[in-house]
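Colleague: I would like to learn how to read a protein model, one feature after another. Could you walk me through one?

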Protein chains: 2
Amino acid sequence: MSSDFWPAQTKKLRDMIGMEHPIIQAPMAGGPTTPELVAAVSNAGGLGSYPGGYLSPDEIDSAIRKIRALTDKPFAVNLFTPEKTLRRKTPAKVMKKLGEIAGEVGAELPREIAAEGFSFEEQLGAVLDNNVPVFSFTFGIPKSKHMKELRRRKVTVIGTATCVAEGVMLEEAGCSAVAAQGSEAGGHRGSFAHAGEFPLVGSMPLTPQIVDKVSVPVICSGGIMDGRGIAAALALGASAVQMGTAFLTCEEAAVPAPWLDALRNSLDSSTVLTRVYTGKYARGIRNRFYDEMSGLEGKVPAYPVQNYLTRPIRNASRAKGNPEFMSLWAGQGSAMSRRCTAAELVTMLVSEYGEAVARLGGGA
Amino acid sequence: MSSDFWPAQTKKLRDMIGMEHPIIQAPMAGGPTTPELVAAVSNAGGLGSYPGGYLSPDEIDSAIRKIRALTDKPFAVNLFTPEKTLRRKTPAKVMKKLGEIAGEVGAELPREIAAEGFSFEEQLGAVLDNNVPVFSFTFGIPKSKHMKELRRRKVTVIGTATCVAEGVMLEEAGCSAVAAQGSEAGGHRGSFAHAGEFPLVGSMPLTPQIVDKVSVPVICSGGIMDGRGIAAALALGASAVQMGTAFLTCEEAAVPAPWLDALRNSLDSSTVLTRVYTGKYARGIRNRFYDEMSGLEGKVPAYPVQNYLTRPIRNASRAKGNPEFMSLWAGQGSAMSRRCTAAELVTMLVSEYGEAVARLGGGA
């Protein structure tokens, strides 16, 4: 591969991070992203991202040590910026329905919602203490003192935007790069600027609009599954892509069999965007939990309350190998996913990108 | 421009239609698409499309004559496949709210819903009698006898798909090409295979998934506003693009001033997808009509009933130069729209495409 295989626009971000390919594996929280997956992506020349959002500082510390034992390449750790939890009482209708479902799968609903025993600040401490080279965050913007500390330590900081306004806010807050999350993306929406509403802008119009309004590199995500998607994202002006679903089916990921089967059998129209699993809009493959709960879409409590409430149900469903009451996060490209190692996937992506660009011709 | 400026994959469709550039101006029904716009796009080497969906056979005939007086290049006419109208009574809550709004803008609600005085078959007759070279349709698939007649007359037939299943159905029905409408697109969703639900797949994952499942050329639409978008669409495997919003602000289009201003001042997050204007999901810039009606989203009658009911309100609002009670159709890229002639726009798109591809490098 010649030194100008990737377009010049990718160089700044690749140099900043120290990655060969402008391919970032998205941090997929809740289990699927293992230290092995993160290290394999980084070893293959991309950037692996470890999701620390749900984890204690000790767990984050331990995962980082595992990643470091497997790679000396740069990698990212992702955290959730803290939510203003709405402590409203969960409506009786929601509790009744969840109780019925819990009975069916043999789960017990939590009696009370206990706060996590750690703070964002403590999680971030674990990231900083380990000198993690790249830090990404979702669901908002960390406090200015945290952003300053990250800059002081020369950490590359990536924020997540779902619209131009959020992208501009992230640049103003001092981010090194902005990940533009298109409406196609699997898992949670990163939206934070639109209270009560959320823009659902697709990757195709979102990427160039953010590129035109910020001066930092933009990372395109949402619906990218192969080298054609990477070529499209870079044509739109992105400096890199972030891919989640495509890495879910890698052998290094820890995806339970029912989820893997659901991905394999999915169609382009299989996913729904809903609050019923966690209280925050997220995209996943439609199953019975959605069908049972979707009538209560507007009534389920906000994240993280609904997330705590449904966790025992989702765990019990997974333990039984039953896909119907788990969250089966997936983006709208899930039907294009492939079973292979992360290294094989990165190699394919690079080669497919070359083919896609060659097909476009010289434009002359 | 050399003969291989456009990628080889575009050649089949360009040759079939007889267009120089793989750029189709989307048929935007309800007023904005004039014969002048259609002819200007075709004269510039793209394909103009005239929307006949709301028009009588005589009006379609007259428009085609006007187009033919302005160009000898190929152009398309688009029709809506007939709806199974649900003749359910409009809920009193909807009538009450519409009555209030009608009072505010000085409009009178229709006393009864009269059927149009013409059929799809008669509209199609006007298209066939005029030997229109390209026929596109939306909202379903014409009857097999109509598809046969179109093929017999060697008309290039383009159907509209919003998911892979619809794309496959269109190919099986004998379409010459499939327009893949991403969730970003302005105006009405073309979905027809999913009763009561609709997939909202973005252009980025929709295009390659349809390309992989049909053998006819695929036209990418939804959120494409400039040459970067065209390069992205072709990288995803499309044979051409279809652009609506980008042509709305062309000087040849008949877009009332309040709509033009709304487009000019729009953001990426300005649009909503809603049934409240016409009874069928459509994307437009959010205004007071949406805010007043959105609580009744699930209650408004199906298209075309709601369309008839709200038409006097939208007409009165437009007549007063008031953007708040019109339908302001727009895609998610509307903030990137430019004011110029259609010929200037096509020239810019071609040149920007060349620049975008050149930026990608050779991929080698």
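This is a predicted model: local features need pLDDT of at least 70, side-chain atom pairs count only at pLDDT 80 or more; totals for chains, interfaces and linings use all residues.

Colleague: Let us begin with the two chains. How many residues of chain A are in contact with chain B?

Modeller: In general, the size of an interface is often given as the accessible area lost when the parts come together. Here we can count residues instead: 53 residues of chain A are in contact with 53 residues of chain B. On the chain A side, the elements that each give two or more residues are helix H7 (164–172), helix H8 (203–213), helix H9 (227–235) and helix H14 (342–360) of chain A. The largest share, seven residues, comes from H14(A).

Colleague: And what classes of residue does the side of chain A that touches chain B have?

Modeller: That side of chain A has 27 nonpolar, 20 polar and six charged residues.

Colleague: What rotation superposes chain A on chain B?

Modeller: The general idea is that two copies of a chain are related by a rotation about an axis and a shift along it. In this model, a rotation of 180° with 0.0 Å of shift along the axis brings chain A onto chain B, with an RMSD of 0.0 Å. That is the relation of a two-fold axis. In chain A, Ala232(A) has the C-alpha nearest the axis, 1.9 Å from it. The same surface serves both copies, since 100% of the contact residues of chain A recur in chain B.

Colleague: Now the sheet. In what order do the eight strands of chain A come?

Modeller: Strands of a sheet pair through backbone hydrogen bonds, either parallel or antiparallel. In chain A, eight strands form an open sheet in the order S1-S9-S8-S6-S5-S4-S3-S2, and the pairing is parallel. Its edge strands are strand S1 (23–25) and strand S2 (49–51) of chain A, each of which pairs on one side only. On average, neighbouring strands of this sheet are turned by 25° against each other, direction ignored.

Colleague: How many bridges join S8 and S9 of chain A?

Modeller: Three bridges join strand S8 (residues 218–221) to strand S9 (residues 240–243) of chain A, and the two run parallel.

Colleague: What about S8 in chain B: which strands does it pair with?

Modeller: S8(B) is joined to strand S6 (residues 177–181) of chain B by four bridges, running parallel. In S8(B), Ile219(B) is the bridge partner of Ala179(B). S8(B) also pairs in the parallel sense with strand S9 (residues 240–243) of chain B, over three bridges.

Colleague: Which way do the side chains of S8 in chain B point?

Modeller: In a regular strand the side chains alternate between the two faces of the sheet. In strand S8 of chain B, Val218(B) and Cys220(B) point one way and Ile219(B) and Ser221(B) the other way, and all are buried.

Colleague: Which residues have the most contacts inside the largest nonpolar core?

Modeller: That core has 230 residues, and those with the most contacts inside it are Val178(A), Ile219(A), Val241(A), Val178(B), Ile219(B) and Val241(B). Leaving aside residues up to four places away in sequence, Val178(B) touches several others, including Leu170(B), Ile210(B), Val216(B) and Ile219(B).

Colleague: Is Ala185(A), in its loop, buried or exposed?

Modeller: Ala185(A) lies in the loop between strand S6 (177–181) and strand S7 (187–188) of chain A. Ala185(A) counts as buried because it has 33 C-beta neighbours inside 10 Å, and the cut-off for buried is 20 or more. Its C-alpha is separated by 9.8 Å from that of Ser334(A), 149 residues apart along the chain.

Colleague: Last, the backbone. Which residues are joined by a cis peptide bond in chain A?

Modeller: Most residues other than glycine have a negative phi, and most peptide bonds are trans. In chain A, a cis peptide bond joins Tyr303(A) and Pro304(A), with omega about 5°. Pro304(A) is in the loop between helix H12 (288–293) and helix H13 (305–319) of chain A. In chain B, a cis peptide bond joins Tyr303(B) and Pro304(B).

Colleague: And what is the phi of Asn131(A)?

Modeller: The phi of Asn131(A) is near 50°, a positive value in a residue other than glycine. Asn131(A) counts as exposed, with 11 C-beta neighbours inside 10 Å.

Notes: Residues are numbered from 1 along each chain as its sequence is written. Chains are lettered from A and ligands numbered from 1 in the order in which they are written. Two residues are in contact if their C-beta atoms, placed from the backbone, lie within 7 Å. Ala, Val, Leu, Ile, Met, Phe, Trp, Tyr, Cys and Pro count as nonpolar, Asp, Glu, Lys and Arg as charged, and the others, Gly among them, as polar. Copies are superposed by least squares on the C-alpha atoms of residues with pLDDT of at least 70 in both. A nonpolar core is a set of buried Ala, Val, Leu, Ile, Met, Phe, Trp, Tyr and Cys residues joined through C-beta atoms within 7 Å. A residue is buried if 20 or more other C-beta atoms lie within 10 Å of its own, exposed if 12 or fewer, and partly exposed in between; C-beta atoms are placed from the backbone. Two strands pair if DSSP finds at least two bridges between them. Axes are lines fitted to C-alpha atoms, for helices over the stretch in contact, and angles run from 0 to 180 degrees between N-to-C directions.
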